Amino acid sequence: MSQPDDLFKKVTAHAKEYGFVFQSSEIYDGLGAVYDYGQNGVEMKNNIKEYWWKSMVQMNENIVGIDSAIFMHPKVWKASGHVDGFSDPMIDNKDSKKRYRADQLLEDQIDKYTKKGKTDKATELETAMNEALTDNNLDAMRDLIIAHEIACPISGTRNWTDVRQFNLMFSTQMGSVAEDSDAVYLRPETAQGIFVNFLNVQKSGRMKIPFGIAQIGKAFRNEIIARQFIMRMREFEQMEMQFFVRPGTEMEWFSQWKESRLKWHLALGTSPAKYRFHDHLKLAHYANAATDIEFEFPFGFKEVEGIHSRTDFDLKQHQEFSGKKMQYFDPEINQNYIPYVIETSIGLDRMFLLTLINAYREEEVGEGEKKEIRTVLALPPQLAPIKVAILPLMKKDGLPEKAREIMDRLKVSYRCHYEEKDTIGKRYRRHDAIGTPFCVTVDHESLENDTVTIRHRDSMQQERVAISALSGILEAHVSMASLLS
Ligand code: ATP
């Protein structure tokens with residue numbers, strides 16, 4: 001199999017070639033860190049969303065979903081701390097005019113020291129960087145960049161500006177007059193839409209604590225450096241769930257959600273060795289516990305999902321800034337309180353990337369002269385963009401008509417694809433490359449006895465089955481129910 005860097009490049013190229021992900025506005029040379037999902041990408045993305053949504057909202061009687069607006073009252077972001085605190089330290093190189101995250105330049109330097117075996121230097125720099133970050137000491141960060149002779153990768157010079165804080169929120173104007181008071185933000189997370197609707201949902205849904213509110217939606221962050229394809233985007237999607245609990249019980253729920261979220265990932269058949277928890281030692285001011293679920297990407301273990309015990313911070317802040325009570329009356333203990341919150345927050349695009357990377361295989365198949373490399377996406381069948389390809393062996397003798405009949409029956413429940421061009425072998429390969437779990441071939445025998453061959457993507461085994469058995473096979477292997485039960 002490929003080297004890690006190679007694998008990542010191959011997956012990125014494959015995603016474009018087979019209609020999964022395109023660069024946004026590509027004909028204009030693209031827009032930095034913004035991507036579009038193609039015809040196969042959108043299907044797979046929708047399947048991931050459906051898996052998450054049903055796992056949360058359908059399988060848990062005490063979780064409901066909402067869909068809040070991207071625009072919110074500007075005070076929301078003051079209350080949440082994003083206006084004052086949602087920023088990264090940045091530095092510009094005066095020669096290349098390129099902007100970098102100061103902490104990332106230092107981290108790259110630490111990596112370089114480690115790779116060269118200079119562990120003392122690496123530790124020394126890491127300690128100094130953490131101190132500067134904790135103290136929010138921007139001058140100290142610049143001094144470290146100078147002292148460690150870090151040069152701009154583009155210009156090669158060390159002609160740096162000061163380090164400044166750069167807020168990651170995008171803002172725009174609402175209404176016709178561009179005045180300050182009209183400034184609104186594109187939400188940097190979906191969670192706040194849940195917090196401000198906490199009482200609306202609790203009252204209208206007569207929800208009793210503990211209960212959760214789930215949401216899938218777009219979020220926007222003006223990331224200073226956006227790299228690694230859809231890993232770090234400026235417009236992305238989050239799947240977040242806020243679980244409201246009685247104060248004092250949050251640690252139990254935190255552990256429970258940690259376990260249950262990892263199970264969700266592993267149910268897709270991914271090797272447990274590819275996942276790990278990264279518990280935070282240094283906690284954000286509003287959290288009393290936090291962990292990341294990390295996946296081993298070709299460029300190392302990286303966060304896919306965050307699970308945070310956020311105390312009553314957000315609801316309390318909104319109570320203070322809005323002047324509206326955010327309390328819940330708990331009939332079991334006859335008390336009013338502001339609930340504590342456990343948050344699970346997963347990036348849909350990162351989950352998409354993980355799924356592609358984990359599925360990509362290049363295999364040697366065939367013997368002698370027929371030896372070839374087959375590229376296959378061994379996707380979890382429930383997430384595959386197309387569930388079954390219906391292929392008449394030839395374009396004559398009534399085979400296309402028979403194939404269409406099968407297609408019409410199955411397409412009501414599953415995304416199917418009808419294809420009659422090219423040899424059957426080529427058609428199989430195309431479907432291997434987009435991860436279609438089953439190919440159904442209609443031949444002359446099908447006309448005689450209502451049977452077809454069904455080919456399994458991973459084993460390439462073929463078996464003869466009755467047409468009437470196809471729905472049952474699909475239900476057992478590709479339906480969302482088969483993943484949830
Ligand atoms: P990171 O440290 O990687 O910037 P974060 O800790 O800021 O991530 P959260 O604010 O906890 O991320 O957001 C929850 C999830 O949203 C992350 O686990 C990640 O999967 C996803 N996410 C965050 N920022 C981006 C982005 N710029 N592009 C794509 N997904 C993102």
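Which residues does W52 touch, not counting residues up to four places away in sequence? The list runs A214, Q215, I216, M239, E240, M241, R261, W264 and I346, where contact means heavy atoms within 4.5 Å. Keep W52 in mind, as we'll come back to it.

A word on the ground rules before going on. This is a predicted model, where local features need pLDDT of at least 70 and side-chain atom pairs count only at pLDDT 80 or more, while totals for chains, interfaces and linings use all residues. Residues are numbered from 1 along each chain as its sequence is written, and side-chain values use heavy atoms, with hydrogens and water left out.

Now the overall picture. The C-alpha atoms fill a box of roughly 80 × 65 × 50 Å along the principal axes. Inside it you'll find 17 helices and 23 strands; these are DSSP runs numbered from the N terminus, with helices being H or I of at least four residues and strands being E of at least two. Of the 485 residues, 48% count as buried, meaning under 20% relative accessible area with a 1.4 Å probe and protein chains only (exposed is over 50%, partly exposed is in between). Among contacts between residues at least 6 apart in sequence, 65% join residues at least 24 apart.

The domain assignment gives domain 1 (3-70 + 187-356) and domain 2 (386-484), with bounds that come from an automatic or database assignment. Their centres, taken over C-alpha atoms, are 36 Å apart. Domain 1 puts 13 residues into the contact and domain 2 puts in eight residues. Together the two bury about 970 Å², 68% of it on carbon and sulfur atoms; buried area here is the accessible area (1.4 Å probe) that two parts lose on being put together, summed over both. On the domain 1 side, Y18, E43 and Y51 supply 36% of the area buried against domain 2, more than any other three residues.

Back to W52. The largest nonpolar core has 58 residues, and F20, W52, M351 and F352 touch the most other members. Such a core is a set of buried Ala, Val, Leu, Ile, Met, Phe, Trp, Tyr and Cys residues joined through side-chain atoms within 4.5 Å. Helix 12 gives the largest share, eight residues. Because domain 1 (3-70 + 187-356) and domain 2 (386-484) both contribute residues, this core lies between them. A second, separate core of 21 residues includes I390, L410, Y418 and V452.

Next, the rings. The whole structure holds 17 aromatic pairs, counted when rings of Phe, Tyr and Trp (its six-membered ring) have centres within 6.5 Å; planes under 30 degrees apart are stacked, over 60 edge-to-face, and the rest tilted. Y37 is buried at 18% relative accessible area, and F352 is buried at 0%. Y51 and W264 are stacked because their ring centres lie 4.5 Å apart and their planes are at 10°. That pair joins helix 2 (residues 39-58) and helix 10 (residues 250-266), 213 residues apart.

Finally, two arginines. The charged end of R404 sits over the ring of Y418, 3.7 Å from its centre, and R455 lies over the face of Y428 at 4.4 Å. The test is NZ of Lys or CZ of Arg within 6 Å of the ring centre and within 35 degrees of the ring normal.
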